[in-house]
Amino acid sequence: MGDKKKHIKQPGFGDRNISAIEHHQQKGKTFVPPLKNIPNLQFTSWTDLCLPDSLWLVLLSGNLERNHYFEISKKILNQVKKNAESLKDFAPIHSSFRELSPDLFDKIFSEFSSDPKVSKIFSALLAYEELPDRDHWKRNFPKPDPKKQWNLIARGVGKCFPHQSQKATDCRWFRVMWLFAIDKIRFAEGMEDFVEAVLRYPENEDLSASRIRASEIAFRQSEISPLDEKWAETFWRAGWKNTSCVIPDWKPEKGKGYENLKSEIMKIYDYLIDHFTETLEITSPNPRHDGAFGIVMYILQTLLLTAVPLNANSSLGRLSLRCILEAYLTLKFLCREDKETIWAQYRNHGNSAAKLAFLKNLREAELPESIDLNELENYANEDLWMEFQNIELGVWSNKNLREMAQLTGEKTLYDKFYDILSGYSHSNWFSIRDTIFTTCLNPLHRFHRVPFLPKFEMLDVTPDACKIANLALEELNSLYPTIKQRIHWHQKKDKSETG
């Protein structure tokens with residue numbers, strides 16, 4: 001428990017009940033979270049299995065005020081305690097209730113038929129013809145209103161869907177308290193504080209909630225009656241069949257105030273062209289001079305093309321930001337080493353890549369429309385006839401980008417951006433999920449993914465790109481002073497222009 005509190009308090013973690021990276025155990029190239037090291041760990045999904053089989057609780061918790069929910073829950077638990085011996089082999093789930101005798105079920109629930117709110121909620125259960133214990137509910141509660149039943153169910157499921165939500169925790173508290181009521185769980189000596197925390201919920205909610213969830217998961221593994229997977233599947237199929245997707249409204253991009261930024265970039269760009277000429281000492285190949293200016297101006301050009309409505313708020317913007325980040329880290333590494341051989345190595349590797357692409361396409365019957373073979377040949381031969389050039393297949397510096405970031409003290413910057421941005425470059429699933437799909441807002445569809453219109457409302461990458469571009473300008477200034485120009489648009493952009 002001490003470890004848990006420690007890592008939750010780290011900056012940025014807030015109230016998230018998650019393990020920091022350093023608490024994961026590294027096994028080769030895999031980082032394993034602490035909970036996965038628990039022996040004989042079994043998974044039982046709250047959403048897929050437990051929620052459907054606890055639907056009566058979910059409907060109560062999701063549709064009643066909390067005080068009313070706990071009032072009803074305690075009345076039920078009192079009846080359970082009075083009939084503990086008869087209920088010792090039953091769990092508070094539909095697949096278990098189906099085996100209850102009508103008399104025993106009615107002792108627990110029949111009194112609520114006179115409570116209008118509760119009766120209405122329990123009636124919604126009858127929307128499911130396949131409900132395992134449907135006969136019991138049908139005997140005690142009236143037919144549901146077809147126009148309102150799915151709204152009641154959707155509201156309850158929606159509020160209890162996240163397994164750590166307050167409403168779901170309230171349901172899970174009841175599941176634990178049921179076991180207390182039938183005297184099925186005992187705690188070892190020394191666990192008095194733990195038991196008290198569970199019993200005092202929700203009065204001492206901050207202390208109790210996580211313990212309740214942990215207890216419920218533990219007892220779930222040894223459920224008196226196993227969860228009914230067939231009913232759970234039927235439940236979710238019924239929601240899909242009887243209700244429609246709820247798609248968020250698409251808010252088209254209104255356009256950003258990038259004109260001032262473009263003006264800033266072009267002024268800096270023009271200045272660098274002049275400064276390049278002023279600092280040029282010889283016209284023969286100069287890897288340091290050409291490389292340093294070239295990388296910075298490549299960053300500015302990419303930023304210029306990114307700062308366009310739709311581009312900056314789309315996957316294309318993320319691809320551009322990755323290019324800018326990689327260009328800057330490359331420049332930073334070159335500046336740190338600042339040796340003639342390393343600058344030449346960077347340049348020669350690029351010429352080698354041009355030669356490789358040229359030779360691969362030379363015999364193609366049909367060239368890609370985007371490739372100019374003559375241009376490739378010229379680039380490959382620009383510094384040295386390609387017949388004397390090796391083809392280098394590895395990374396140009398024998399170090400990957402992460403290693404270069406570490407050596408230059410930019411690992412923090414790398415960690416902030418690289419993993420997520422590379423996903424868009426490599427078509428990782430999360431980038432496809434982010435770009436192509438939206439979330440259906442219907443809880444009865446399990447908030448599933450729906451392909452949607454092209455996504456142009458992602459967070460704008462331009463401010464981050466401006467900051468990295470300024471870092472690149474500082475590096476260039478360290479080699480060829482004095483370059484005082486910096487981009488200020490992201491610091492003082494007009495709110496009326498940027499929305």
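**Burial, salt bridges and backbone geometry in a predicted model**

Good morning. I begin with Phe 43, which is exposed at a relative accessible area of 70%; exposed stands for over 50%, buried for under 20%, and partly exposed for what lies in between, with a 1.4 Å probe and protein chains only. This is a predicted model, in which local features need pLDDT of at least 70 and side-chain atom pairs count only at pLDDT 80 or more, while totals for chains, interfaces and linings use all residues. Residues are numbered from 1 along each chain as its sequence is written, and side-chain values use heavy atoms, with hydrogens and water left out.

Phe 43 sits in the loop between strand 2 (30–32) and helix 2 (46–53). Helices (H or I, at least four residues) and strands (E, at least two) are DSSP runs, numbered from the N terminus. Together with Leu 35, Ile 38 and Leu 41, Phe 43 makes a nonpolar surface patch of about 450 Å². Patch members have over 30% relative accessible area and no salt bridge; like charges are joined within 9 Å, and nonpolar side chains (Val, Leu, Ile, Met, Phe, Trp, Tyr) within 5 Å. The areas come from the Shrake-Rupley method with a 1.4 Å probe, and for residues only the protein chains shown count as cover.

Let me turn to covered elements. In helix 3 (residues 55–63), nine of nine residues are buried. Among them are Trp 56, Ser 61 and Asn 63. For helix 12 (residues 192–199), the buried residues are Phe 194, Val 195, Ala 197 and Val 198. Viewed down the helix 12 axis, these residues fall within an arc of 160 degrees, so they line one face of the helix; the arc is taken over the directions from the helix axis to the C-beta atoms.

Next, the salt bridges. The term denotes a side-chain nitrogen of Lys or Arg within 4 Å of a carboxyl oxygen of Asp or Glu, and by this rule there are 23 salt bridges. What separates the closest N and O atoms of Asp 228 and Arg 98? The distance in this salt bridge is 3.0 Å. Asp 228 lies in the loop between helix 13 (205–220) and helix 14 (229–242), and Arg 98 in the loop between helix 6 (94–97) and helix 7 (102–109), so the pair ties together parts that are 130 residues apart in sequence. Asp 228 is buried at 16% relative accessible area, whereas Arg 98 is partly exposed at 37%.

A second salt bridge joins the side chains of Arg 139 and Asp 106, at 2.9 Å from N to O. This pair links distant parts of the chain, with Arg 139 in helix 9 (residues 134–140) and Asp 106 in helix 7, 33 residues apart. Arg 139 is partly exposed, at 38% relative accessibility.

The side chains of Lys 332 and Glu 475 also meet in a salt bridge, at 3.1 Å from N to O. Here Lys 332 belongs to helix 17 (residues 315–337) and Glu 475 to helix 23 (residues 462–479), and the two are 143 residues apart. Salt bridges that share partners, moreover, join Arg 98, Glu 99 and Asp 228 into one network.

Neighbours within four places in sequence aside, the contacts of His 445 (heavy atoms within 4.5 Å) include Trp 240, Cys 245 and Cys 440.

I close with backbone geometry. Which peptide bond ending at Pro 202 is cis? The bond from Tyr 201 to Pro 202 is cis, with omega near 5 degrees, and Pro 202 is in the loop between helix 12 and helix 13. Another cis peptide bond joins Pro 481 and Thr 482, with omega about 5 degrees; Thr 482 lies in the loop between helix 23 and helix 24 (489–492).

Asp 183, a residue other than glycine, has a positive phi near 60 degrees. Asp 183 is in the loop between helix 11 (166–181) and helix 12, and is partly exposed at 45% relative accessible area. For Asp 338, phi is likewise positive, near 45 degrees. Asp 338 is in the loop between helix 17 and helix 18 (340–362) and counts as partly exposed at 32% relative accessibility. Thank you.
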